[in-house]
Amino acid sequence: MVEKSWVLIVLVVFIMHGDESLASDPDPIQDFCIPNPKFGAIKTAHLSILPCKNSSEATTDDFVFSGLKSSGNFTDTGLATFPVNPTIFPGINTLGISFVRADLKVGGINPPHFHPRATEIAYVVQGSVYSGFVDSNNRVFSRVIEQGEVMVFPKGLLHFQMNMGEKPATIFACLNSQNPGLQKIPSAIFGSGINEELLEKAFGLNHKQIGTMRRRFDPKTVN
C-alpha cells in the first residue's frame, strides 16, 4: 500500500508543478542542487539557501529517501508527523516541494493550522479521516475521506484532520514549497505572548481561563 501511495505522490508533484509560475518557490536555474555540507545555509526572509555541491559529485542516494517507513513520535493529540525537507532529503533542494507522513491514533487529531507558503495535497494511505479547511468567508469544506482518497488544502487556509475510524490512520501529504511554514492556531493564540487583556476581550475568557490555555500551549509561561 505504501508503494502505491508513492505513485500517487509522484503524480501529484507533476500536477502541482505543471505551471511553475504558480509555485511558491523561485524557479531552479539548474537540473538539481544537492546541498554541500561543507557550507552553511544562507538565510533569507522565508528560505534557507543551501549552496550546491558540484553536480558531478551527486549520487543516486541523494535522490532517494527511506525515512518514512515508520511513524514519528506521537503528541498528546494522538498525532505523529515526520516532515521531510531539503535538510534531511538533499535531492529535493530547489525543486519547490516538501512532504510529510502523518499518523493518527484512533480519535487522534491534527489541530487547526495553516501553511502560509504552500498548497497541500493529502492522500489517505489507510484509515478514515475527517478532513477539511475553512475559506476566507468562514465557509467549511469538510468530509470523511477514506483510504485511497485525496483532499487539497489551498495555500494559507486553515485546515484540520481527525481519525474517525476504529484503527490508526496514515496520511502522506505533499506541499509545493520546500519551506511551506506551519502556523498552529492554538499555539499561535495562547502560546505566543499576545496581551492577556486582548485575549480576554476577544474570546470572552477570564484571567484564570487564559492562564489555563497558556499553560497548555506554552508550558514555559508562568502566570
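This is a predicted model: local features need pLDDT of at least 70, side-chain atom pairs count only at pLDDT 80 or more; totals for chains, interfaces and linings use all residues.
Local features are taken where pLDDT is at least 70 and side-chain atom pairs at pLDDT 80 or more, while totals for chains, interfaces and linings use all residues. Numbering runs from 1 along each chain as its sequence is written, and side-chain values rest on heavy atoms, with hydrogens and water left out.

To start with the overall picture, the protein has four helices and 12 strands; these are DSSP runs numbered from the N terminus, helices being H or I with at least four residues and strands E with at least two. Of its 223 residues, 36% count as buried, where buried stands for under 20% relative accessible area, exposed for over 50%, and partly exposed for anything in between (1.4 Å probe, protein chains only). The accessible surface comes to about 13,000 Å², and 57% of that belongs to carbon and sulfur atoms; areas come from the Shrake-Rupley method with a 1.4 Å probe, and for residues only the protein chains shown count as cover. Among contacts with a separation of 6 or more, 66% are between residues 24 or more positions apart, a contact being heavy atoms within 4.5 Å.

Next comes the annotated site. An unreviewed UniProt entry lists Asn 110, His 115 and Glu 120 under "binding site"; UniProt positions are given here in the numbering used for the model, feature names are shortened, and such annotations may be inferred rather than shown by experiment. Asn 110 sits in strand 5 (residues 109-114) and, at 13% relative accessibility, counts as buried. Setting aside residues up to four places away in sequence, Asn 110 touches Leu 79, Leu 104, Phe 160 and Gln 161. Glu 120 belongs to strand 6 (residues 120-126) and is buried too, with a relative accessible area of 6%. Beyond its neighbours within four places in sequence, Glu 120 is in contact with His 115, Met 151, Val 152, Phe 153, His 159, Ala 173, Cys 174 and Leu 175. That list includes His 115, itself one of the residues in the UniProt record.

Now for the rings. The structure holds eight aromatic pairs, counted when rings of Phe, Tyr or Trp (its six-membered ring) have centres within 6.5 Å; planes under 30 degrees apart make a pair stacked, over 60 edge-to-face, and the rest tilted. One of them joins Phe 190 and Phe 217, stacked at 6.3 Å centre to centre with 25° between the planes. This pair links distant parts of the chain, as Phe 190 lies in helix 2 (residues 185-190) and Phe 217 in helix 4 (residues 207-217), 27 residues apart. Phe 190 is buried at 8% relative accessibility, whereas Phe 217 is partly exposed at 25%. Elsewhere, ring pairs tie Phe 65, Phe 82, Phe 89 and Phe 99 into a cluster. Lys 105 lies over the face of Phe 74, 4.9 Å from the ring centre; for this, NZ of Lys or CZ of Arg has to be within 6 Å of the ring centre and within 35 degrees of the ring normal.

Finally, the backbone. Most residues other than glycine have a negative phi. Thr 94, however, has a positive phi near 70°. Thr 94 is in the loop between strand 3 (79-84) and strand 4 (98-104), and is partly exposed at 23% relative accessible area. Asn 138 also has a positive phi, near 65°, and its place is the loop between strand 7 (128-134) and strand 8 (140-146). At 66% relative accessibility, Asn 138 counts as exposed.
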